[in-house]
Amino acid sequence: MAKRLPVYVLVILSLALTCTATTYTVGDSAGWDISTDLQTWEKNKTFDVGDVLIFQFSSSNSLEEVTQENFNTCNTTNVLKAYTNGNTTITLTKPGPMYFISGNKLYCLGGQKLQVNVENNQAYSPAIAPEAASGSNLPQPSSKSNLPTSSGVMLMHGGWGTFMSVSLGFIMAIVSS
């Protein structure tokens, strides 16, 4: 067992190193604040599915996730989600634009709003099934679900590097035993 421990550590480390999620503190050290130039902060950043945004703000401020229309008009009355706790963590779960504004309409009108364009990162997104050709005679899908059920097993998503790391780790475990 002691001989295998370094191999197991290597496999676990290689899995951890191949995960590509990035954590961003919005506005860096200035945080989610009216004085922060959020458009400059966002520029030249690439946001992927799986990345995390951390919004840090005082109790006199708030954060709201809104539609594009409400983003453009700083409408703070019809929001998708509202956050008021001062330290809010949001995981980007799907590709496409996301819109955030201050819950204070005057702050929003003053520029405290952020649009992030989330890109589809293949390491985190499920494969999309191809569409059937029109007029094809395919059988109807069954009611049986092919989705795995919760069994306490944590699934990690990764790319080719993860596959190779795991494969090499298992080969090394077999050879060293």
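A search of the whole structure, which is a predicted model, finds six aromatic pairs. The criterion is that rings of Phe, Tyr and Trp, the last taken by its six-membered ring, pair if their centres lie within 6.5 Å; planes under 30 degrees apart count as stacked, over 60 as edge-to-face, and the rest as tilted. Tyrosine 24 and tryptophan 41 form an edge-to-face pair, with 6.3 Å centre to centre and 90 degrees between the planes. Tyrosine 24 lies in strand β1 and tryptophan 41 in helix α2, so the pair ties together parts that are 17 residues apart in sequence. Helices (H or I, at least four residues) and strands (E, at least two) are DSSP runs, numbered from the N terminus. Both tyrosine 24 and tryptophan 41 are buried. Buried means under 20% relative accessible area, exposed over 50%, and partly exposed in between, with a 1.4 Å probe and protein chains only. Tyr24, Trp41 and Phe47 form one aromatic cluster.

Now the ground rules. Residues are numbered from 1 along each chain as its sequence is written, and side-chain values use heavy atoms, with hydrogens and water left out. Local features need pLDDT of at least 70 and side-chain atom pairs count only at pLDDT 80 or more, while totals for chains, interfaces and linings use all residues.

On to the strands. Two strands pair if DSSP finds at least two bridges between them. Strand β1, residues 23-25, runs parallel to strand β3, residues 52-56, and three bridges join them. Tyrosine 24, from the aromatic pair, has leucine 53 as its bridge partner in β3. On to strand β6, residues 87-91: β3 is joined to β6 by five bridges, and these two run antiparallel. There the bridge partner of valine 52 is threonine 91 in β6.

There is also an open sheet of five strands, in the order β2-β8-β7-β4-β5, with mixed pairing. Its edge strands are β2 (47-48) and β5 (81-83), each of which pairs on one side only. Strand β4, residues 63-66, pairs with β5 in the antiparallel sense over three bridges. Leucine 63 has tyrosine 83 as its bridge partner in β5.

Next, the packing. In soluble globular proteins, nonpolar side chains tend to be buried together. A nonpolar core here is a set of buried Ala, Val, Leu, Ile, Met, Phe, Trp, Tyr and Cys residues joined through side-chain atoms within 4.5 Å. Which residues touch the most other members of the largest nonpolar core? They are Trp32, Leu53, Phe55 and Phe100, in a core of 19 residues. At least two residues of this core come from each of α2 (38-42), β3, β7 (96-102) and β8 (113-119). The largest share, three residues, is supplied by β8.

Leucine 53 has contacts, meaning heavy atoms within 4.5 Å, with Tyr24, Val26, Phe47, Thr88, Thr89, Ile90, Leu92, Phe100 and Val116, leaving aside its neighbours within four places in sequence. Apart from this core lies another, of six residues, among them Val66, Phe71, Cys74 and Tyr99.

Two of those names come back. Lysine 113 lies over the face of phenylalanine 71, at 4.7 Å from the ring centre. The test is that NZ of Lys or CZ of Arg is within 6 Å of the ring centre and within 35 degrees of the ring normal. Cysteine 74 is in the loop between α3 and β5. Its phi is near 55 degrees, a positive value in a residue other than glycine. Most residues other than glycine have a negative phi.

Is cysteine 74 buried or exposed? At 2% relative accessibility, cysteine 74 counts as buried. Asparagine 44, in the loop between α2 and β2, also has a positive phi, of about 70 degrees. Asparagine 44 counts as exposed, at 77% relative accessibility.

Asparagine 70 is buried, with a relative accessible area of 6%. A polar atom of its side chain lies 2.6 Å from the backbone oxygen of asparagine 78. Not counting residues up to four places away in sequence, asparagine 70 touches Asn75, Asn78 and Ile101.

Last, valine 49, which sits in the loop between β2 and β3. Valine 49 is buried, with a relative accessible area of 6%.

Definitions and conventions. Polar contact = N/O pair within 3.5 Å; in protein donor to acceptor, adjacent residues only side chain to side chain.
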